[in-house]
Amino acid sequence: MPVPRLSRCLWRPMRFCLSLLARVQAANWTLGLYHGVGRNPPAPRSSDTKRARDSREPNRSQICRSDVYLLFAFMNELNIENLHIAVNGQEIVRGLTLRVPRGEVHALMGPNGSGKSTLAKVLAGHPDYQVTAGRVLMDGENLLELEPDERARRGLFLAFQYPSEIPGVTIANFLRAALQSRVPEGEELEATDYYAKLYEKMELLGMDRSFTSRAVNEGFSGGEKKRAEILQLAMLEPKYAVLDETDSGLDIDALKTVAHGVNSLRGPDLGILLITHYQRLLNYIVPDYVHVMVGGRIVRSGRKELALELEERGYDWAREGAVEPAFR
Amino acid sequence: MKTETSAVNIDRSKGDFFYPEAHVRDAGAGLSERTVRYISDVKEDPDWVREFRLRGLKTFLEKPLPTHWASKDLEAIDFDKIRYYLSPGTETKRSWEEVPDDIKRTFERLGIPEQERKFLAGVEAQFDSEAVYSNIKKAVGEQGVIFVGSTEGLKNYPEIFRKWFGKVIPIADNKFSALNSAVFSGGSFIYVPPGVKVKHPLQAYFRINAENFGQFERTLIIADEGSEVTYMEGCTAPKFNTPTLHSAVVELVALKGAKIQYITVQNWASNVFNLVTKRGLAQENAEVKWIDCNIGSRLTMKYPSVIMKGRKARGEVLSIALANDGQHQDTGAKMIHAADETTSNIISKSISIGKGRATYRGLVHVPKHLKNCKNNTECDALLINSTSRTDTYPAITVRGTGNAVQHEASVSQVSAEQIFYMQQRGLSEAQAMSLSVNGFVNDLVRQFPMEYSVELKRLIELEMEGSVG
Ligand SMILES: Nc1ncnc2c1ncn2[C@@H]1O[C@H](COP(=O)(O)OP(=O)(O)OP(=O)(O)O)[C@@H](O)[C@H]1O
Ligand SMILES: [Mg+2]
């Protein structure tokens with residue numbers, strides 16, 4: 001239908017500009033609140049001078065820099081704001097706020113049933129879940145109004161906790177079709193380049209070449225499935241990747257290989273949300289931040305040490321520290 | 001519109017067009033002895049064919065519609081409204097230049113002349129009732145291979161033609177074989193001499209252009225001892241508002257040690273009743289293989305069969321049926337074992353989309369006195385939506401000792417999770433579905449000739465695009 005699509009085309013950049021303006025204007029007074037509870041923690045990295053995320057009273061030059069940062073960050077982050085998710089009328093995620101800028105790895109931990117996978121699936125656009133409040137912006141764009149495949153093509157990747165099997169469709173053909181969907185219409189993916197890249201990534205992940213001719217996930221062992229998810233991540237080169245318990249089911253060697261694979265993909269262009277139960281993975285993929293999710297909300301955020309502390313003290317401790325978010 | 005270069009250009013975007021009719025011969029609507037005589041007169045039938053037709057008509061009128069086991073939808077065919085014979089009144093041409101412009105245009109749009117140049121050993125093109133073009137490569141003709149229309153076959157090669165015509169499929173086999181026997185026109189006659197192996201496929205293309213029309217081609221292929229031939233047929237028709245009838249009879253005869261491979265990819269418009277009888281006879285050590293892909297049509301009833309009459313004869317049916325919304329693919333296979341050590345193989349895959357319905361009917365018959373016969377039957381159904389439907393009716397009678405039969409059937413459904421998974425990788429819903437459908441038929445399609453598997457894949461994609469919002 002050309003008519004609504006056209007209006008959407010115009011509406012999007014317009015709204016984008018408007019919200020951008022509003023943002024920059026609001027930058028001064030938001031700055032303090034920006035690092036309140038429920039927001040990403042304030043601790044800046046020493047290397048990260050550009051990010052003046054400091055809760056001290058900002059001086060004038062800092063504000064200016066922050067303005068620029070906000071403008072910049074706004075376009076280069078996955079921004080989840082006060083998200084509420086329900087399934088069959090039952091609320092599972094209850095006011096979750098989280099920002100994952102590109103270039104950072106954020107670990108998300110939390111007890112079984114706390115809503116981590118639900119969050120991941122909603123980000124990817126799963127039809128079974130209803131977003132009852134809040135919004136999600138990917139590079140400033142309203143993610144929630146896009147179809148799942150559009151989100152994927154614009155740079156969102158989800159490594160599933162339980163990947164589906166696609167009988168009869170080989171990994172090679174599947175990934176080829178996925179990449180083909182990203183090139184402009186009428187253009188054909190270069191086959192030799194494609195296979196060269198595929199083999200290179202498989203080698204990186206220690207996968208045997210015979211996997212290319214096996215049907216996607218069909219008859220794969222648990223660990224093989226997880227590895228195949230990371231292979232797809234490596235091939236599709238998204239801007240944001242949500243890895244849902246990619247470490248579960250991996251043996252110690254596989255864990256190292258997969259972690260090595262993920263680390264090799266880390267860089268300024270990729271933001272990662274790493275869902276895991278185990279501190280062990282974080283030894284290999286060292287996160288920039290760790291968030292603890294309980295009952296559909298982030299109850300604690302911190303640097304990588306938080307994971308260690310959590311392991312020691314457990315979720316009850318994390319829950320105790322929970323403070324109602326500063327605002328919704 | 002530029003035509004593409006693939007084996008069977010029969011996607012609907014290409015097939016759904018028609019040019020104004022310019023028929024010189026028209027038997028009018030309705031079926032009576034007069035109609036049958038008119039056809040005989042126009043075609044200058046020899047007496048035995050005239051008689052054959054009249055017997056066909058009598059049997060057709062006597063036999064009831066098989067609605068006690070088949071679809072009630074058959075009752076929607078109004079036999080009095082159908083036109084049974086339409087032809088431009090010209091001879092079959094040997095070169096495209098001589099084919100009347102308006103008809104040539106149709107086939108050029110479907111890409112037939114181009115494919116002929118590229119990879120076919122011979123082509124026959126039928127427009128409504130008659131073959132308008134038929135030609136085979138010189139080298140193939142020089143080996144003694146005959147490839148002509150059925151009318152020409154029965155006139156110019158009566159010794160071979162008459163010997164086998166109506167023998168594999170008798171007039172009274174079923175109501176529609178009787179109908180075909182009464183009004184048949186067009187189709188191919190092929191004879192391959194002993195020991196000759198025709199390397200490239202021979203192709204026939206059947207085109208319905210007229211509304212309210214019935215196409216009744218009749219094909220007879222005889223592969224003499226030790227010879228080999230592959231025949232491919234493609235079919236299209238534009239979408240009219242009234243039902244169109246396609247009711248062919250195809251008889252194959254593979255003499256001792258011969259091999260016949262018969263490939264069909266048809267993509268009928270959704271108003272076509274496609275009721276076709278296909279049967280092959282395999283003598284000692286001979287092989288008959290049907291590759292049958294049914295896409296489109298309102299109702300297809302087709303059960304390619306092989307009678308294995310000689311020792312060590314082999315029969316095979318590989319079929320794919322795709323039933324979209326409002327369509328019913330009632331297909332299957334029959335394997336009649338009539339000699340020792342005969343083997344047969346049936347692999348059937350059906351896909352039902354939306355409210356589409358696929359039915360598999362299989363018959364395997366091994367009588368008690370036979371030894372060391374084998375049959376393998378696999379039928380798999382894929383349901384795309386929860387409203388899709390599939391039914392399986394296998395009838396396997398295997399008696400005697402040392403005869404082995406293996407039967408596997410499965411029904412699977414494309415789950416919402418699978419589609420979501422594929423969408424998460426960037427594929428649209430339609431792409432995701434066509435990928436899973438292609439995955440479902442993949443191991444079967446791999447056994448098809450290249451040109452056909454590529455074309456089939458494309459057809460499935462088109463079909464899935466049309467079926468998703
Ligand atoms: N489709 C659904 N229908 C009904 N309930 C659901 C559905 N999806 C999730 N839930 C429920 O929502 C809650 C959160 O599930 P979710 O899978 O998000 O948890 P999780 O944090 O990923 O847990 P785990 O660590 O075990 O993977 C659970 O109680 C689960 O049963
Ligand atoms: Mg989970």
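In which sense, parallel or antiparallel, do β3(B) and β7(B) pair, and over how many bridges? In this predicted model, β3(B) and β7(B) pair in the parallel sense, and six bridges join them.

- Strand β3 of chain B covers residues 122-127, and because six of its six residues are buried, the strand is largely enclosed by the rest of the structure.
- Burial applies to both faces of β3(B), with B:Gly122, B:Glu124 and B:Gln126 on one side and B:Val123, B:Ala125 and B:Phe127 on the other.
- Towards β7(B), the bridge partner of B:Gly122 is B:Leu202.
- Strand β4 of chain B (residues 130-136) runs antiparallel to β3(B) and is joined to it by six bridges, and in β4(B) the residue B:Glu130 is the bridge partner of B:Phe127.
- The hairpin of β3(B) and β4(B) has two residues between the strands, and in this hairpin B:Asp128 takes a positive phi near 55 degrees.

**Aromatic rings and charges over rings**

- Over all chains, the structure holds 25 aromatic pairs.
- One of these pairs is formed by B:Phe107 and B:Tyr205, whose ring centres are 6.2 Å apart and whose planes stand at 90 degrees, so the pair is edge-to-face.
- Because B:Phe107 lies in helix α4 (residues 101-109) of chain B and B:Tyr205 in strand β7 (residues 202-207) of chain B, the pair ties together parts that are 98 residues apart in sequence.
- B:Phe107 is buried, at a relative accessible area of 0%, and B:Tyr205 also counts as buried, at 0% relative accessibility.
- A cluster linked by ring pairs is made up of B:Trp48, B:Phe52, B:Tyr157, B:Phe161, B:Phe165, B:Phe184 and B:Phe189.
- The ring of B:Phe184 has the charged end of B:Arg53 sitting over it, 4.1 Å from the ring centre, while in chain A the charged end of A:Arg209 sits over the ring of A:Tyr199, 3.9 Å from its centre.

**Helix α9 of chain B**

- Helix α9 of chain B (residues 175-183) is mostly covered, with nine of its nine residues buried, among them B:Lys175, B:Phe176 and B:Asn180.
- What covers the buried residues of α9(B) includes the helices α2 (33-43) and α3 (47-62) and the strands β9 (218-223), β11 (244-246), β12 (249-254) and β14 (272-282), which belong to chain B.
- The N-terminal end of α9(B) is capped by B:Asn174, which has a side-chain oxygen 2.8 Å from the backbone nitrogen of B:Phe176.

**The surroundings of B:His337**

- B:His337 has its place in strand β19 (residues 328-337) of chain B and is buried, with a relative accessible area of 1%.
- The side chain of B:His337 makes a polar contact of 2.8 Å with the side chain of B:Thr342, and a polar contact of 2.8 Å also joins the side chains of B:His337 and B:Ser344.
- Leaving aside neighbours within four places in sequence, the residues in contact with B:His337 include B:Met308, B:Val364, B:His365, B:Pro367 and B:Cys373.

**The magnesium ion**

- The magnesium ion (ligand 2) is coordinated by OG of A:Ser117 and OE1 of A:Gln161, at 1.9 to 2.1 Å.
- Because A:Ser117 lies in helix α3 (residues 116-124) of chain A and A:Gln161 in the loop between β6 (156-159) and β7 (166-170) of chain A, the pair ties together parts that are 44 residues apart in sequence.
- A:Ser117 counts as buried at 18% relative accessibility, and A:Gln161 is buried with a relative accessible area of 16%.

Key: Residues are numbered from 1 along each chain as its sequence is written. Chains are lettered from A and ligands numbered from 1 in the order in which they are written. This is a predicted model: local features need pLDDT of at least 70, side-chain atom pairs count only at pLDDT 80 or more; totals for chains, interfaces and linings use all residues. Side-chain values use heavy atoms; hydrogens and water are left out. Rings of Phe, Tyr and Trp (its six-membered ring) pair if their centres lie within 6.5 Å; planes under 30 degrees apart count as stacked, over 60 as edge-to-face and the rest as tilted. Helices (H or I, at least four residues) and strands (E, at least two) are DSSP runs, numbered from the N terminus. Buried means under 20% relative accessible area, exposed over 50%, partly exposed in between (1.4 Å probe, protein chains only). A charge sits over a ring if NZ of Lys or CZ of Arg is within 6 Å of the ring centre and within 35 degrees of the ring normal. Contact means heavy atoms within 4.5 Å. A polar contact is a pair of N or O atoms within 3.5 Å; within protein, one must be able to donate a hydrogen and the other to accept it, and residues adjacent in sequence count only if both atoms are side-chain atoms. Donors are N, O and S atoms within 2.8 Å of the metal (3.2 Å for Na, K and Ca); water is not among the atoms, so sites may look incomplete. Two strands pair if DSSP finds at least two bridges between them.
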